[in-house]
Amino acid sequence: MIYAKLEDASALQHLDVALSEAIKPKWYQRLLIIKLSATQGMSVPQLAKMFNLSADSVRSYIHKYNASGLEALMPKRPPGHRGKITHFSKSDWERLFQQTPNQYEKLQTDSRQWTLDLMRIYFKVYHEISVTPPAIHFALRRIGYRTGRSKLRVGSPDPDYQAKRHQLRELACLRKRDT
């Protein structure tokens with residue numbers, strides 16, 4: 001039988017602090033497995049059944065902890081590479097969304113609504129980047145934009161459109177005050 005071994009009382013205290021501060025479920029689960037194994041003497045099969053894990057996973061956590069401590073238990077980032085459009089900041093996205101898709105000549109569309117597919121075409125044509133709609137969705141979510149059903153946005157190819165709209169709003173406010 002294999003059990004997690006706590007060096008001394010300070011190791012148990014360090015484990016308790018880590019458990020109380022744990023936010024991510026996988027990290028919390030691994031810490032709890034170590035604590036139950038070390039303090040209550042729960043066996044690998046009991047822990048595997050309790051946490052719905054394979055016995056090999058539980059055994060691996062205990063071996064890692066016994067060899068290198070808590071740092072060895074930290075979940076690693078999943079393998080993969082960084083996204084192709086993760087360098088786009090919120091201001092870059094805002095600049096893109098200031099115009100409607102029909103204002104970008106190379107897109108050759110009459111659409112006034114941005115869709116994930118139109119954004120995919122935009123990145124292909126204007127930046128020579130091949131991305132998938134889900135990659136765009138996750139990039140937008142990462143910076144705080146929500147995707148879903150969009151609202152109709154009034155736009156114009158006129159570069160002074162925003163300034164003219166602002167002047168019209170000011171005039172409307174003046175008329176209300178005069179009456």
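On the face of helix 1 turned away from its buried side lie the exposed residues A9, Q13, S20 and E21, where exposed means over 50% relative accessible area, buried under 20% and partly exposed in between, with a 1.4 Å probe and protein chains only. Helices (H or I, at least four residues) are DSSP runs numbered from the N terminus. This is a predicted model, in which local features need pLDDT of at least 70 and side-chain atom pairs count only at pLDDT 80 or more, whereas totals for chains, interfaces and linings use all residues. Residues are numbered from 1 along each chain as its sequence is written, and side-chain values use heavy atoms, with hydrogens and water left out.

The buried residues of helix 1 are A11, L15, A18 and L19. They cover an arc of only 100 degrees around the axis, taken from the directions from the helix axis to the C-beta atoms, and therefore sit on the same side of helix 1. Their cover includes helix 2 (25-39) and helix 4 (55-68).

A nonpolar core is a set of buried Ala, Val, Leu, Ile, Met, Phe, Trp, Tyr and Cys residues joined through side-chain atoms within 4.5 Å. Two such cores are listed below.

| Core | Size | Residues named |
|---|---|---|
| Largest nonpolar core | 23 residues | L31, L47, I62 and L70, those with the most contacts inside it |
| Another core, apart from it | 18 residues | among them F88, W93, I129 and A139 |

Methods. Helices (H or I, at least four residues) and strands (E, at least two) are DSSP runs, numbered from the N terminus. Contact means heavy atoms within 4.5 Å.
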